[in-house]
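Dear colleague,

Please find below the sequence and the structure that I am handing over to you. My notes on what was found follow directly after them.

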Amino acid sequence: MKKVTSIPIFLFALFLALIPYCYLCIFINPVADDFVFAVQSQQNDIFHLIKQTYLYWNGRYFSNIFIYLNPITWGSFVGYKLVSFLMIVLFVLGNFSFVN
């Protein structure tokens, strides 16, 4: 008798659960903070902004890089949507590689 494992079923269910989130990336639009950080990064040195935000605002390095290097800085709304999709995909791949 062949033993059926639940891992492929779980991975398929996980894939199905992520489809709506990937679809919703089409409708993502920047909000006020995204525009403010984009203007700041256009007018100032990026390394100075990351340091200032780290010291006086939130104390995180990596998220500050995402804040100031968003595609809105270069005027790309499509890039904003693609980055959101890529973050979902890379998060899933990172978790999958961590588990394996």
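**The nonpolar surface patch**

Tyr-61, Phe-62, Ile-65, Phe-66, Leu-69, Trp-74, Val-83 and Met-87 form a nonpolar patch on the surface, and together they have about 860 Å² of accessible area. Patches are made of residues with over 30% relative accessible area and no salt bridge; like charges are joined within 9 Å, and nonpolar side chains (Val, Leu, Ile, Met, Phe, Trp, Tyr) within 5 Å. A salt bridge is a side-chain nitrogen of Lys or Arg within 4 Å of a carboxyl oxygen of Asp or Glu. Accessible areas come from the Shrake-Rupley method with a 1.4 Å probe, and for residues only the protein chains shown count as cover.

Please note that this is a predicted model, in which local features need pLDDT of at least 70 and side-chain atom pairs count only at pLDDT 80 or more, while totals for chains, interfaces and linings use all residues. Residues are numbered from 1 along each chain as its sequence is written, and side-chain values use heavy atoms, with hydrogens and water left out.

Which helix gives the largest share of the nonpolar patch? That helix is α4, with three residues; α4 and α5 each supply at least two. Helices (H or I, at least four residues) are DSSP runs, numbered from the N terminus. Trp-74, a member of the patch, lies in the loop between α4 and α5. Trp-74 counts as exposed because its relative accessible area is 62% (buried means under 20%, exposed over 50%, and partly exposed in between, with a 1.4 Å probe and protein chains only).

The largest pocket has a volume of about 440 Å³. Of its 17 lining residues, Leu-11, Leu-14, Leu-18, Val-92 and Phe-96 are the closest to its centre. On a 1 Å grid over the protein atoms alone, a pocket is an open set of points where a 1.4 Å probe fits, with protein on both sides within 12 Å along at least five of seven lines; lining residues have an atom within 4 Å of a point. Grid points are joined across faces, edges and corners, and a volume is the space filled by probe spheres set on the points.

Helices α1 (7–24) and α5 (77–99) each supply at least two residues of this lining, and the largest share, nine residues, comes from α5. The lining divides into 15 nonpolar, two polar and no charged residues (Ala, Val, Leu, Ile, Met, Phe, Trp, Tyr, Cys and Pro count as nonpolar, Asp, Glu, Lys and Arg as charged, and the others, Gly among them, as polar).

The second largest pocket has a volume of about 300 Å³. It is lined by 13 residues, and Phe-66, Ile-67, Asn-70, Tyr-80 and Val-83 lie nearest its centre. Two or more residues of this lining come from each of α2 (32–43), α4 (62–68) and α5. Its residues divide into nine nonpolar, three polar and one charged.

**Individual residues**

Val-92 is found in helix α5 and is partly exposed, with a relative accessible area of 26%. Phe-77 also belongs to helix α5, and its C-alpha atom is separated by 7.4 Å from that of Asn-29, 48 residues apart along the chain.

Yours sincerely
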